[in-house]
Amino acid sequence: MIWILLIAATFASQVSCQRYAYTGTILLTKEEFCKQNSIYKWRCENEFKNFLDANPHIQLCSTSRPIYSDRCSALPIAQPIEQPACAGNDCNTFGIRLSATGNQPQRPTAGGDDNFEVPMPSVPYDTKVMDFSVKLFQKAFPSDDSSNYIISPLMVQSLLSYLYDGASGATRQEMESVLQLNMNDLHDIDRALKPGSGQEPLTKNKLDSASQIFKSTTIELLPAFRESLKRNQVPLEEMDFSNPRLAAQTINNWAKQKTRERILDVIDEQSIDPTTKLLLMNALYFNGTWMYKFNKTERGSFYVNGQPAQRSAVKMMFLTKELRNGNTRTDDSSNGMYWIELPYDGDRMSMILMLPNERFQLDRELRRFRASHLQTILSEIELDETNKVRVQLPEFKAESTVSLVEPLKQLGIASMFGDRKPFDQLSNDEVKISDVKQKSFLTVNPHGTVATSVTTATVIPLSITQTLDFKADQPFALIIMDKQNKLPLFFAKISQPLKVKAAKNQ
């Protein structure tokens, strides 16, 4: 089980608003949309439906010809729009000839209307999330073997993105480059984390997310930014930060409610800065039940590198099952990591466990890990090829609280923490972000977990016919994935599997 809470202190929100910037008429088909956005065929129907739900102005113009547009009345549906044949680099993915300059599509003219426009190619939001998630995890994880580290980069990426409409020009450029998400992406992610009631198959898993902005009574938000928060349904609540006791109580009660009483104390009154103007918060809660239960637990040992290696006693869980697995190694060296997938009930969510091929070299391999490796792993999982694997995994809990300011600066987002009016569209007051913190909790036991694309890497599967061993008796890494939406929810490095004292109702 994982719970996670993100706090961004000292003001407010909104993302790189790279909406579909269409100046003319939108014209597309479902097949073109999915091809353009590199969406697998089996996901095409659902992704296109989500796109239409998010853009109700785009409608089906004719049942005889599956063309969608925001100006159906202007389309000559009865007569197909003919374009000169084109091929290769002269065409975009819609088969429309590109002009000689600017690489812009030549618009079909019908009835004197020269404003038809094909949607420009966009990167799928799951690709953006994977790219940012892996980079932030690499920049932020501790390089010592004694620390546990849990993070939900997705929550950092989405929460800070809501600040976009309040940012200055320079800060916006950084956010667009590093955070990458636009408003359509944020809406899609929100729907993915909050599936519609009755539309998803019933499982024993629970996934909740929530966002909240607490606004000081001493700051006035500019109308455009306030409207942005309202339009994007970000809850806004007045708070008197000059009363630290009441402010801390309100914040902790919110966290307690959103994480189902898993995270109780986010902040104490001594940590409340009376000059705070805005406090942004979001929470992510996941409670997953294993598809395959571990069949036994017995005493075991866990080792951390040292001279000699340091040993600690753990409860080791055992499972032997046909599982999806693979290796990120691309040559005959000892580099790379061996991974297995432990699916949760319903097989739409899973935990990907990773061990270094060379013992005690987890940090080295995590620094080499790329988003392309994660995409490759997901592609291998989709192939649904399994081997019999004998798993030994410690029963454990882990907690971490981290400041993400320095890792974010290293990624290229620095101005939002500076003194040159980084959020001049948010308020007439001069404000900046003072800190971005994330508090996380993870429990793994025999019952489950509480926590609240083109592949460039080549996978060399282990060509072994007998039972494979995955023995996590050394520091290991894990990723909790929403496979359905290709969203990595949590990353963790476990160096110290703390004992789970007692089971708690989840």
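This is a predicted model: local features need pLDDT of at least 70, side-chain atom pairs count only at pLDDT 80 or more; totals for chains, interfaces and linings use all residues.
Started with helix 3: I listed its buried residues and got Tyr125, Asp126, Lys128, Val129, Met130, Phe132, Ser133, Val134, Leu136, Phe137, Gln138 and Ala140.

Is helix 3 largely enclosed or open? Twelve of its 16 residues are buried, so I put it down as largely enclosed by the rest of the structure.

I also checked the length of helix 3, which covers residues 125-140. With 16 residues at 1.5 Å each, I should get a span of 22 Å, and the end C-alpha atoms do sit 22 Å apart, so the two agree.

**Helix 3 against helix 4**

Two packed helices are described by the angle between their axes and the distance between the axes, so I looked up both. The axes of helix 3 and helix 4 come within 9 Å, and they cross at roughly 115°. That makes helix 3 roughly perpendicular to helix 4. From helix 3 the contact uses Lys128, Val129, Phe132, Ser133 and Leu136, and from helix 4 it uses Pro153, Leu154, Val156 and Gln157. I noted the handedness too: helix 3 passes helix 4 in a right-handed crossing.

I then recalled that an α-helix has 3.6 residues a turn, so residues three or four places apart point the same way.

**Gln157**

Next I picked Gln157, which belongs to helix 4 (residues 153-161). Is Gln157 buried or exposed? Its relative accessibility is 0%, and buried means under 20%, so Gln157 counts as buried.

Leaving out residues up to four places away in sequence, Gln157 touches Lys128, Val129, Phe132, Leu179 and Leu181.

**Thr297**

Moved on to strand 10 (residues 296-304), where Thr297 sits. I have Thr297 down as partly exposed, because its relative accessible area is 38%. Beyond residues up to four places away in sequence, Thr297 touches Lys315, Met316, Met317, Glu395 and Pro446.

**Leu468**

I get 4% relative accessibility, so Leu468 counts as buried. Which residues does Leu468 touch, not counting those up to four places away in sequence? I wrote down Asn325, Tyr338, Asn387, Lys388, Val389 and Arg390.

Note on methods. Residues are numbered from 1 along each chain as its sequence is written. Side-chain values use heavy atoms; hydrogens and water are left out. Buried means under 20% relative accessible area, exposed over 50%, partly exposed in between (1.4 Å probe, protein chains only). Contact means heavy atoms within 4.5 Å. Helices (H or I, at least four residues) and strands (E, at least two) are DSSP runs, numbered from the N terminus. The expected span of a helix is 1.5 Å times one less than its number of residues. Axes are lines fitted to C-alpha atoms, for helices over the stretch in contact, and angles run from 0 to 180 degrees between N-to-C directions. Angles under 35 degrees count as roughly parallel, over 145 as roughly antiparallel, 65 to 115 as roughly perpendicular and the rest as oblique. A crossing is left-handed if the near helix is turned anticlockwise from the far one by less than a right angle, and right-handed if clockwise.
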